[in-house]
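Q: Could you walk me through reading a few features of this model?
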Amino acid sequence: MLNSIKKQLKSETPIIVWKLMVNKYNEHEVEKARKMAEDLGMLFMTDEITLCDLIPDADFGETLEKRKNDWLPKNDKYVKSIYLGEYTYPINQNSICNQLFENLIVNWDGKVFPCCWLTNEDNAFGDLSKESFEEVWHGEKYQYARSMFIPRDGAPKNIKNTICSACKNFKKNDTF
């Protein structure tokens, strides 16, 4: 229907993309999906799945090796490079968590989280229904979490852990 409207309006936009997240159960259908997308006038692309190991507050009750075996495609070209060879933490060896400095996630109920990977409301850094944006953004939890990557004078010493302390995605500075 979108393509029909695009033709009617003689428009190049929106660009419609069929994005297939390739896993063990659909990798045999990549070419079929590519052909269907082409027949429908869509761009086609594939993307690699993650195994939710980037979510610091999730417990899956099974090992990463089991999830790799259960979900990863056989063809390595559809597998994220972090899952090939030896899997080491932190996943991002040479970068800091930019989420703490550039983004924040606000849920429907006003709870503020430092990144989009968090799922448990106990890990909220604040609540905009009770605090101002400035109070949350400059609050002790944010200050402490940021100090794990960029040491800062005056970082709160009374907070010993935030969910960021348990995160295995980014390399923290040597004092943590």
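A: Strand 3 is joined to strand 4 (residues 111-113) by 2 bridges, and the two run antiparallel. Strands here are DSSP runs (E, at least two residues) and helices likewise (H or I, at least four), numbered from the N terminus; two strands pair if DSSP finds at least two bridges between them. Across this pairing, Ile105 stands opposite Phe113 in strand 4.

Q: What should I know about the model itself?
A: This is a predicted model, so local features need pLDDT of at least 70 and side-chain atom pairs pLDDT 80 or more, while totals for chains, interfaces and linings use all residues. Residues are numbered from 1 along each chain as its sequence is written, and side-chain values use heavy atoms, leaving out hydrogens and water.

Q: In what order do the 3 strands of the open sheet come?
A: The order is 3-4-5, with antiparallel pairing. At the edges are strand 3 (105-106) and strand 5 (126-127), each pairing on one side only.

Q: How do I read an aromatic pair, say Phe133 and Trp137?
A: Rings of Phe, Tyr and Trp (its six-membered ring) pair if their centres lie within 6.5 Å; planes under 30 degrees apart are stacked, over 60 edge-to-face, the rest tilted. Phe133 and Trp137 are stacked, at 5.9 Å centre to centre and 15 degrees between the planes. Both lie in helix 5 (residues 133-137), 4 residues apart.

Q: Is Trp137 buried or exposed?
A: Buried means under 20% relative accessible area, exposed over 50%, partly exposed in between (1.4 Å probe, protein chains only). Trp137 has 16%, so it counts as buried, whereas Phe133 is partly exposed at 37%.
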